[in-house]
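Please have a look at it before I go on.

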Amino acid sequence: MSQEEYPHAMEEALNSTIDPACLQEPPLAIDVIKQLDVFEVCLYSMLTCMSCLSLLLYLEQCVYIYKNLPYPKKTTIIWVNGAAPVIATMSCFGMWIPRAVMFTDLTSNCYFAVVVYKILVLMIEELGGTNGFLKGFSGKTFKISTGPCCCCCLCLPRVPMSRKLLFWLKLGALQYAILKTVLSVLVVVLWSNGSFDLSDLEITGSAIWINPFIGVLTIISLWPVAIIFMNTNSFLRYLNIIPKYAIYQLILVLSQLQTSIINILALDGTIACAPPFSSQARGSMLSQQMMIMEMFILTLITRFLYRRTYDAPLSEAHDEDKSAMQAAVVEHDV
């Protein structure tokens, strides 16, 4: 056999040993249901119950928040509380309907992009809203050498807080919510035309350009939130802001980083094909299943944190918030 014929023969031999299902699109929902064994039926049923329970707990929490909190704080907290339940619900749809994963993932990511902005708004509202925040912190210097952008840049000077700086911090978080939604619509349009494929890593492919750009937007949006948190968390400890911020960070890591790692492992074949699922479809299925369990646990923790914070009557809670804020600002001045 000549050297020119050898690679072609090896490719044919390799293709002949691969199950055709491993090279196909994700299966239809009915095909998934037909191939389930007893263990998988129990697993899918348990995960579906978890996602439904997460959604029910969230709806109950929305009613509680709506009745006990003033506007606009209640809308912000409802948005933040919905991160884990929405991701769990979308993951459940993606688990049962593998071909809808593109839409369910983009929906979850767009929702969380709004939550990133709402976390920043929540901290500002807890400190008296925009006017109260500026009244308490205007002229005071803020440390900006925080993650994820500048945690290693300790030489950066402290910046005095002003209305203009607060505007840019809000804009830095808001741009992700807007641009992420716009890019998600663009991705769906390109995908429906066959022009977007996560496995296409060629320089001419759209995925190699869009995904890194979204990553840059994510980092830029996380920086303003981290700046506000690092400089004000000592004034909000009585509201359990540190565990709330930790939950937000954990949802970010699980929904973005964990999913990306699993997709990379599926693309290089580390996650094996299991007909009717290709490697990529199986990796996506495993990601959805893990996400449901993780988001269910985080839903319970989130409900516990926010329910504990607002157990006091509204008038008493408002008085306590006001006195704590005044005491914190006086302490900061001293």
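Predicted model: local features only at pLDDT ≥ 70, side-chain atom pairs only at ≥ 80, totals over all residues.

**Helix packing and backbone details**

Let me begin with helix α8 (residues 163–192) and helix α9 (residues 207–232), whose axes come within 8 Å and cross at roughly 160°. Axes here are lines fitted to C-alpha atoms, for helices over the stretch in contact, and angles run from 0 to 180 degrees between N-to-C directions. That angle makes α8 roughly antiparallel to α9, a label given to angles over 145 degrees, with under 35 counted as roughly parallel, 65 to 115 as roughly perpendicular and the rest as oblique. Across this contact (heavy atoms within 4.5 Å), the α8 residues include Leu-169, Leu-179 and Leu-190, and among those they meet as a group in α9 are Ile-210, Leu-217 and Ile-228. The residues of the contact of α8 with α9 divide into 17 nonpolar, four polar and one charged, where Ala, Val, Leu, Ile, Met, Phe, Trp, Tyr, Cys and Pro count as nonpolar, Asp, Glu, Lys and Arg as charged, and the others, Gly among them, as polar.

Residues are numbered from 1 along each chain as its sequence is written, and side-chain values use heavy atoms, with hydrogens and water left out.

The second pair is helix α3 (residues 38–68) and helix α5 (residues 83–96), which pack at an angle of about 150° with their axes 9 Å apart. That makes α3 roughly antiparallel to α5, and the residues of their contact divide into nine nonpolar, four polar and no charged.

How much of helix α6 is buried? Of its 26 residues, 23 are buried, so α6 is largely enclosed by the rest of the structure; buried means under 20% relative accessible area, exposed over 50%, and partly exposed in between (1.4 Å probe, protein chains only). After α6 comes Gly-128, with a positive phi near 105°.

Two further backbone features lie in loops. The peptide bond from Tyr-71 to Pro-72 is cis, with omega near 5°, and Pro-72 is placed in the loop between α3 and α4 (73–81). Asn-240, in the loop between α9 and α10 (241–267), has a phi near 55°, a positive value in a residue other than glycine, and at 25% relative accessibility Asn-240 counts as partly exposed.

How values were computed
Helix = DSSP H or I, 4+ residues; strand = E, 2+ residues; numbered from the N terminus.
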